[in-house]
Amino acid sequence: MSKEPGTSVSTTGSRILPTSVSQVGTITKYEILNYFRSRRFFILLAIGLIISGIFTALVAYYGVSNVAPCLPSTCSTPALAFYSFWWGNSITFVIVLSGIFFGGDAISGEFQNKTGYFLVANPLRRSSIYIGKWLGALIASVIVLAIYAGITVGNGLFYFGANVPFQFVESLSFSILYLIAVLGFTFFFSSLFKSSSMSILVTAILFLFAFSLIQLIVANLVQIEPWFIITYGSGIIGNVLMDTYPTTQPIRGPGPGGRDGTTYAVTIPEGIMILLVYFIATAILGLVLFERKEFT
Amino acid sequence: MSGPSIEAVNLSKRYGSFLALSNLSLKIEGSKCVGFLGPNGAGKTTTLKIFTDMIRASEGKALINGIDVHVDKRKALSSVGSLIESPEIYPSLTPREALSMVSEIRGLPRAEKRKKIEDVVSEVKMEEWLDKKVGKFSKGMKQRINIASALLSDPDVFLLDEPTTGLDPRGMAEVRDIVKSLKTRNRLIFMSSHLLNEVQDICDEVAMIDHGKLLVYDSLSNVTRRASSDGGNIVEIELSREIDQQTVNNDIASLANVSVVERPDPKRIRIHFSGGIQNQEKLLLDLASMKIGMISFHPSTSALEDTYLKLIKDTL
């Protein structure tokens with residue numbers, strides 16, 4: 001009897017079951033197919049294209065030196081200033097939207113829409129479903145990110161030729177790391193709820209408002225470094241595109257009697273650590289929650 | 001190798017203070033169809049969900065072919081086709097894609113996959129819809145695809161939760177025929193249903209549950225006999241021509257083991273008789289030899305209904 005690739009000898013009678021890794025691949029494959037057929041993938045793609053279109057129009061209309069000025073005192077390469085303006089200002093927003101669109105209801109939807117009933121009763125581990133769906137969301141998000149990066153680089157090549165600064169490659173790598181952490185987080189929240197709209201709403205509020213607000217309050221009012229907030233860790237994406245990497249610095253309050261303070265800037269090792277810890281912690285928690293959750 | 005089996009060992013499920021399933025112990029072995037009956041909230045779906053790892057038992061074990069579902073889910077469910085609570089399929093997928101996904105999860109050889117999918121879709125009469133998106137399907141059409149999914153890997157054990165839900169009368173009849181054909185292929189079918197005539201038509205044995213407790217598990221004829229006031233069985237006979245009261249009173253009522261004969265209408269009689277399956281066989285032969293125009297002979301549906309109502313009432 002011939003053996004299918006990726007199958008194990010876990011048998012009952014004459015049945016050969018694929019390995020869990022192979023089953024993860026199957027879930028990922030059909031999850032991506034599902035995304036490609038869904039409206040949300042194209043809506044996210046359209047949002048990315050609209051943002052790119054606005055930037056393209058701004059640069060074309062006002063001129064690249066006006067939109068992304070490179071002053072001789074602070075800027076050594078105009079190309080870096082361009083990528084900082086374009087990529088540094090917008091990519092975290094695109095990543096957060098990807099997380100909300102693809103991760104917000106990835107697990108809760110299985111309960112609310114009852115699609116989980118079709119999958120879970122099959123001979124595969126729940127962790128295979130979770131990981132497969134997560135990988136599907138990651139690949140779909142990376143495709144959106146790649147298209148967005150392609151448009152950014154396309155404009156960069158048009159204005160500056162093949163002079164793509166290495167910092168952009170670093171920033172792109174950090175963006176993917178941030179995407180991984182965001183998807184880990186959104187999947188965790190998706191496992192927490194059984195209602196799709198609730199999980200999407202909570203993750204959207206957290207990423208679009210709450211984290212930024214908490215970071216602002218903690219850093220400016222409480223005056224402690226917000227190392228425990230994921231969006232603070234994502235600061236490395238924009239910081240690495242600056243001519244001189246920003247550092248944490250004391251500041252003097254304006255005018256007499258003004259309060260002294262500190263402006264916090266996340267370092268690259270700190271940022272990587274924050275994003276990794278967020279991903280690992282939320283991935284484990286989300287997986288445990290999904291394993292324990294009941295289809296009642 | 002022994003036949004397929006499912007076994008609930010002291011299975012209990014609590015939701016807070018509510019006991020949905022209480023110490024259920026039930027062992028079903030061999031190729032047969034067992035109807036799982038009980039009122040709403042009795043614990044039927046809870047039991048089936050535990051067997052398919054959709055929920056976890058608070059206590060006890062759920063074994064399929066001797067394998068604990070919660071210890072080795074992959075192995076236990078590799079020989080199970082299930083249909084629990086009308087699942088939804090990703091609306092953007094076609095039946096071919098959805099069934100491909102299931103066949104890949106279950107490790108169907110690639111060479112057989114395409115034909116197997118077409119075969120099961122044909123069995124549920126959905127060939128025309130094989131490449132249309134599921135999102136456009138009616139509830140009944142989705143249910144047919146779910147049944148096709150359960151059949152796909154040709155499993156030994158079928159766990160079906162009200163499989164005819166959402167189907168039109170023709171669809172219901174087709175599903176019954178599918179289940180009947182499974183019995184001839186040495187499969188074990190454990191099927192919950194509210195439809196007593198469906199269970200009567202398809203199943204060999206009946207398990208009744210209420211308030212999470214098993215009330216009875218026995219063959220259909222033994223179960224119906226329990227509720228009968230004279231401890232006997234009831235069969236219903238349909239006739240092609242009218243029968244007069246005199247023949248009923250004199251000829252049929254005097255047959256061996258017959259206690260009561262009712263004539264609800266001129267072309268139908270109900271016979272109460274004592275004894276087991278041998279006496280039922282003898283009665284059938286006797287009636288056939290009388291040449292009264294008998295066109296059907298089957299255990300009374302109302303007998304099962306009477307039993308059901310009596311047992312459920314007793315637990316109130």
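**Figure 1. Salt bridges in the predicted model.** Over all chains, a search of the whole structure finds 29 salt bridges, a salt bridge being a side-chain nitrogen of Lys or Arg within 4 Å of a carboxyl oxygen of Asp or Glu. One of them joins the side chains of E97(B) and R37(A), with an N to O distance of 2.5 Å. This pair crosses between chains: E97(B) belongs to helix α3 of chain B, and R37(A) sits in the loop between α1 (20-36) and α2 (39-62) of chain A. Helices (H or I, at least four residues) and strands (E, at least two) are DSSP runs, numbered from the N terminus. The model is predicted, with local features needing pLDDT of at least 70 and side-chain atom pairs counting only at pLDDT 80 or more, while totals for chains, interfaces and linings use all residues. Residues are numbered from 1 along each chain as its sequence is written, chains are lettered from A and ligands numbered from 1 in the order in which they are written, and side-chain values use heavy atoms, with hydrogens and water left out.

**Figure 2. Chain A.** Chain A has 12 helices and 2 strands. From the N terminus on, its elements run α-α-α-α-α-α-α-α-α-α-α-β-β-α. The C-alpha trace of chain A spans about 80 × 45 × 30 Å along its principal axes.

**Figure 3. The interface of chain B and chain A.** In this interface, 44 residues of chain B are in contact with 42 residues of chain A (contact: heavy atoms within 4.5 Å). About 3900 Å² is buried between the two chains, and carbon and sulfur atoms give 54% of this area. Buried area is the accessible area (1.4 Å probe) that two parts lose on being put together, summed over both. R74(B), Y90(B) and I105(B) supply 23% of the area that chain B buries against chain A, more than any other three residues.

Figure 4. The rule finds 4 salt bridges across the interface of chain B and chain A. In the salt bridge of E85(B) with K114(A), the closest N and O atoms are 3.4 Å apart. On the side of chain B that touches chain A, two or more residues come from each of β1 (5-15), α2 (73-77), α3 (95-105) and α5 of chain B. Helix α3(B) gives the most to this side, with 7 residues. The residues of this side divide into 16 nonpolar, 12 polar and 16 charged; Ala, Val, Leu, Ile, Met, Phe, Trp, Tyr, Cys and Pro count as nonpolar, Asp, Glu, Lys and Arg as charged, and the others, Gly among them, as polar.

Figure 5. The whole structure holds 4 cavities of 30 Å³ or more. On a 1 Å grid over the protein atoms alone, a cavity is a set of points where a 1.4 Å probe fits but cannot get out, and lining residues have an atom within 4 Å of a point. Grid points are joined across faces, edges and corners, and a volume is the space filled by probe spheres set on the points. The largest cavity contains about 130 Å³ of space. It is lined by 14 residues, of which Y117(A), F118(A), N122(A), S82(B) and S149(B) are the closest to its centre. Two or more lining residues come from each of α6 (116-120) of chain A and β6 (80-83) and α5 (139-151) of chain B. The largest share, 4 residues, comes from β6(B). By class, the lining has 8 nonpolar, 5 polar and 1 charged residues.

Notes. On a 1 Å grid over the protein atoms alone, a cavity is a set of points where a 1.4 Å probe fits but cannot get out, and a pocket is an open set with protein on both sides within 12 Å along at least five of seven lines; lining residues have an atom within 4 Å of a point.
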